[in-house]
Amino acid sequence: MGEIRLMMGNEAIAEAAIRAGCDGYFGYPITPQSEVLEYLMAEKPYERTGMVVLQAESEVASINMLYGGGAAGKRVMTTSSSPGISLMQEGISYMAGAEIPCLIANVVRGGPGLGTIQPSQSDYFQATKGGGHGDYYLFVLAPSSVQEMSDFVKLGFEMAFKYRNPVMILSDGVIGQVMEKVELFDPIPRRTEEEIIKECPWATTGKTPNRERNIITSLDLDPIRQEKHVMHLKEKYEKMKEDAMWENIKTDDAEYLIVAYGSSARIGQKTVDLARAEGIKVGLYRPITLYPFPDKELERLSKQVKGILSVEMSLGQLVEDVRLAVHDRVPVEHYGRVGGSIHTPFQVLNALKEKIVNKY
Amino acid sequence: MDVKFESWKEIIKDENIVFKKTKVLTDNVLSYCPGCGHGVAHRLIAETIEEMGIQDQTIGIAPVGCSVLAYEFFDIDMQQAAHGRATALATAIKRLYPNKFVFTYQGDGDLAAIGGNETLHACNRGENIVVIFINNGIYGMTGGQMAPTTLDGMVTSTSPYGRDPQIMGHPIHMTELVAKLPGTYYVTRQSVHKPANVRKAKKAIRKAFENQQQNKGLSFIEIVSNCNSGWKMTPIEANKWMEENMFKVFPLGDIKVEGQIIKEL
């Protein structure tokens, strides 16, 4: 059993980064995720593992530092919150194009614009539909506990290098700020330069006489070659579907279904219990990967229920993927508070009754 | 005269060769206009890498601009950066691989306009890298638009009546700016339009890479260059215009040596 600690979600991400053999963290302060950089600076990981920690001059710089480090085969990571993640979109698009592995955590706050510093889930589209310019996707993990904030750092690095693609942990202000018990995984040593060269023969580690030069670029002026490259990316995104993850909670006998991720899934879990106490058989379907969206299992569940309520702290973004998976087989409605407000389990229960149970 | 290849075999022998391409440049044909300074600047960097024997330890960063394809011409590992972000990439690479040599190659639009912030902060942190800054006062690749270093009154496609500083601002002196930052160790302004200048520029580049080898901090080399296509001149006219106009605003010479400013700014 690993070491158990009481930690904030943001601290768990930071500690997990050190333990996951991260080579470099580049970040910029923004509420509600500044504790990640603060924790790392206090922890001196350069003494523990040799990990580099640098406060960049902007999110634009920090994401491009990831480009440089990731393109050289290193395990690199940044964290930010919504406005900062918007600034990073240029670099993320370039990294997706140039196939550079990296890990980005978004501790989402309410928008649009400067919005609020309170939690929200309104960056779902940005995270799962690309976010920057061009045809691309990120591998997106949605933690719903401090435990998963830690675990997904390790998993995120694995996926980033498996697919040579940026991975995003899409968290929110609730999961980032809440304190919970977390079982930390045992530290993984940072890879040696020899191991990096073996694992990443494409990386810019210095052109040794035994190989051709390595070039990392997202540019190809020849449209036929660029088309081939984008089609290669598409194959990669298709293959990612094999790693889709989800969780079913009390769905076996469910007549109604709540679909929710992240902190809304935690709230929805309580709603399930409240509804069942009233005799309404509700289950919860929690997508863990938001891209690839775990649609097959949701499609299967849609065959056994009378209606689905998609719950998220947004005007309705996840609900679009839910509807695509369900193919109009059963009614799908959306409920969620916005702008930094958080729905209570009772509000979700009322919405479930009003929009679904009383109608279908 | 017999120009069949066979006959040249007698002449092209190792003992007869007095000048050849450095092995750190590839055989790809340069994409630059005839008369442009990029080719010479590339060569000087490549020669330096060859002479120092660091081809297998050097990682270069290409910008966005005319030299976006620089990675096609250097036979070393290279990364191509988003517009203006080269020094951010270089920062991470150097910090993650302190024993490797890292340089950026950037134009004026890339380094001084869109990448101004990244440039200033990398210089201010004193990243142990080499920054090569090609300043020709114009956006070449996109077709001759105004750059942050375009001279007052200079005609470009986005200042068709000449740059009016009241409306469009003044040419920015990035090199003087970064010289004032404590993080820079060596700051100089050179050119590559005449053999004597080429030799000086080569020395400066060599010194910059040696500074990096000795962990001295950031070396910043501006090369004032021409853009005969963008300036709409012949190469000879462009070089003359550069001497008469560009050098007045951007005077050549060392500005900061061994961390000390040696010129009144």
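These legends describe close-up views of a predicted model.

**View 1. Chain A meets chain B.**
The contact draws 32 residues from chain A and 29 residues from chain B. On the side of chain A that touches chain B, two or more residues each come from β2, β3, α4 (59-71), α5 (82-98) and β9 of chain A. Helix α4(A) gives the largest share, 7 residues. By class, this side of chain A has 14 nonpolar, 12 polar and 6 charged residues.

**View 2**
An open sheet of 9 strands runs in the order β9(A)-β2(B)-β1(B)-β3(B)-β4(B)-β8(B)-β7(B)-β9(B)-β10(B). Its pairing is mixed. The edge strands are β9 (215-216) of chain A and β10 (260-261) of chain B. Each of these edge strands pairs on one side only.

**View 2. Where the chains join in that sheet.**
Strand β9(A) runs parallel to strand β2 (residues 77-80) of chain B, and 2 bridges join them. Look for I215(A): its bridge partner in β2(B) is M78(B).

Strand β4 (residues 130-135) of chain B is mostly covered, with 6 of its 6 residues buried. In a regular strand, side chains alternate between the two faces of the sheet. From β4(B), V130(B), I132(B) and I134(B) point one way. V131(B), F133(B) and N135(B) point the other way. On one side, 5 bridges join β4(B) to strand β3 (residues 101-107) of chain B, and the two run parallel. 6 bridges join β4(B) to strand β8 (residues 218-224) of chain B, again in a parallel pair. I132(B) has a bridge partner in each neighbour: Y105(B) in β3(B) and I221(B) in β8(B).

**View 3. An antiparallel pair in chain B.**
Strand β7 (residues 184-191) of chain B pairs with strand β9 (residues 253-257) of chain B. The two run antiparallel and are joined by 3 bridges. R189(B) stands opposite G253(B) in β9(B).

**View 4. Two packed helices in chain B.**
Helix α3(B) packs with helix α5 (residues 116-125) of chain B at an angle of about 35°. Their axes are 7 Å apart. From α3(B), T87(B), A88(B), A90(B) and T91(B) meet E118(B), T119(B) and A122(B) of α5(B). The contact residues divide into 3 nonpolar, 3 polar and 1 charged. Helix α3(B) is mostly covered: 11 of its 11 residues are buried. Among them are L89(B), I93(B), K94(B), R95(B) and L96(B).

**View 7**
In chain A, 7 strands form an open sheet in the order β3-β2-β4-β5-β7-β6-β13, and the pairing is mixed. Strands β3 (52-55) and β13 (289-291) of chain A are the edges, each pairing on one side only. From one strand to the next, the twist averages 20°. Helix α3 (residues 86-96) of chain B packs on this sheet. The helix touches β2 (24-27), β3 and β4 (76-80) of chain A, and its direction makes about 150° with that of β2(A).

Strand β6 (residues 139-141) of chain A and β13(A) run antiparallel, joined by 2 bridges. L141(A) has T289(A) as its bridge partner in β13(A).

**View 5. A β-α-β crossover in chain A.**
Strand β14 (residues 307-311) of chain A and β15(A) run parallel, with 4 bridges between them. L309(A) has E333(A) as its bridge partner in β15(A). The chain passes from β14(A) through helix α13 (residues 318-326) of chain A to β15(A), in a right-handed crossover. Strand β15 (residues 332-335) of chain A is covered on both faces. V332(A) and H334(A) are buried on one side, E333(A) and Y335(A) on the other.

**View 6. The two domains of chain A.**
Chain A divides into domain 1 (3-193) and domain 2 (247-357), according to a domain assignment. Their C-alpha centres lie 27 Å apart. In the contact, 25 residues of domain 1 of chain A meet 21 residues of domain 2 of chain A. On the domain 1 side, two or more residues each come from α6 (124-128), β6, β7 (166-172) and α8 (173-177) of chain A. Helix α6(A) gives the largest share of that side, 4 residues. The domain 1 side has 14 nonpolar, 9 polar and 2 charged residues.

Technical notes:
Residues numbered from 1 in each chain as written. Chains lettered and ligands numbered in written order. Predicted model: local features only at pLDDT ≥ 70, side-chain atom pairs only at ≥ 80, totals over all residues. Buried ≥ 20, exposed ≤ 12 C-beta atoms within 10 Å, placed from the backbone. Pairing = 2+ DSSP bridges. Right-handed = clockwise from strand over helix to strand, strands pointing away. Axes fitted to C-alpha atoms, helices over the stretch in contact; angles between N-to-C directions. Contact = placed C-beta atoms within 7 Å. Nonpolar A, V, L, I, M, F, W, Y, C, P; charged D, E, K, R; others polar.
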